[in-house]
Amino acid sequence: MKIIKCINCGVYNKNRDRCKNCDALLSYKKRRAQQIKAENTERLEKAKKSPPDFIENLQQHRYIMFRVLGWILYSAFVVVSAIGAFIAWLVFAIAAG
Ligand SMILES: [Zn+2]
């Protein structure tokens with residue numbers, strides 16, 4: 001038998017993955033895995049939302065050539081994002097299929 005004290009509310013739980021009182025995860029390993037997953041998701045969301053800084057810097061460059069290059073890279077970024085979203089949707093559609 002394993003008794004774990006909930007770090008969230010202090011209630012003692014016997015052989016449970018989640019706290020019977022507040023539903024917090026009790027196992028350190030599972031908590032850590034969940035945290036890593038959340039961090040990865042957050043990082044992915046951040047990366048998806050905005051193109052890399054250097055592209056934005058290029059778009060404001062004083063030489064038109066670099067600004068054009070910035071726009072080309074920006075367009076490529078948007079296209080790649082769209083393809084990525086499409087593939088994600090496709091995988092989801094197949095998995096749900
Ligand atoms: Zn609890």
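Colleague: Where does Phe-66 sit?

Modeller: Phe-66 is in helix α3. Helices here are DSSP runs of H or I with at least four residues, strands are E runs of at least two, and both are numbered from the N terminus. Keep in mind that this is a predicted model: local features need pLDDT of at least 70, side-chain atom pairs count only at pLDDT 80 or more, and totals for chains, interfaces and linings use all residues. Residues are numbered from 1 along each chain as its sequence is written.

Colleague: And how exposed is Phe-66?

Modeller: Phe-66 counts as partly exposed, because it has 14 C-beta neighbours inside 10 Å. The cut-offs are 20 or more other C-beta atoms within 10 Å for buried, 12 or fewer for exposed, and partly exposed in between, with C-beta atoms placed from the backbone.

Colleague: What is Phe-66 in contact with, beyond its neighbours within four places in sequence?

Modeller: Leu-58 and His-61. Contact means that the two C-beta atoms, placed from the backbone, lie within 7 Å. Ile-55 is 11 residues from Phe-66 in sequence, and their C-alpha atoms are 9.7 Å apart.

Colleague: What about α3 itself, how many of its residues are buried?

Modeller: The count is 0 out of 33, so α3 is hardly covered. Its length checks out too: residues 64-96 should span 48 Å at 1.5 Å a residue, and the end C-alpha atoms are 47 Å apart, which agrees. That expected span is 1.5 Å times one less than the number of residues.

Colleague: OK, zooming out. What's the pattern along the protein chain?

Modeller: It goes β-β-α-α-α, with 3 helices and 2 strands. The chain is more spread out than a compact globule, because its radius of gyration is 23 Å, well over the 13 Å that the globule rule gives for 97 residues. The radius is taken over C-alpha atoms, and the rule is 2.2 Å times the number of residues to the power 0.38.

Colleague: What size of box do the C-alpha atoms fill?

Modeller: Roughly 70 × 40 × 15 Å along the principal axes. Buried residues make up 3% of the 97. Of the contacts with a separation of 6 or more, 4% are between residues 24 or more positions apart.

Colleague: How is the chain divided into domains?

Modeller: Domain 1 is 1-44 and domain 2 is 50-97, with bounds from an automatic or database domain assignment. Their centres, taken over C-alpha atoms, are 37 Å apart.

Colleague: Switching to loops: where is Gly-10?

Modeller: Gly-10 is in the loop between β1 (3-5) and β2 (12-14). It is exposed, with 10 other C-beta atoms within 10 Å. From Gly-10 to Ile-72 the C-alpha separation is 56 Å, and they are 62 residues apart along the chain.

Colleague: Which phi value does Asn-15 have?

Modeller: Positive, about 45 degrees, although Asn-15 is not a glycine. Asp-23 also isn't a glycine, and its phi is positive at about 70 degrees. Asn-15 is in the loop between β2 and α1 (28-49), and Asp-23 is in the loop between β2 and α1. Asn-15 counts as exposed because it has 9 C-beta neighbours inside 10 Å.

Colleague: Last one, where is confidence lowest and where is it highest?

Modeller: Lowest in helix α2 (residues 53-59), at a mean of 81, and highest in β2, at 93. The chain averages a pLDDT of 87, with 97% of the residues at 70 or above. pLDDT is the predictor's confidence in each residue, from 0 to 100.
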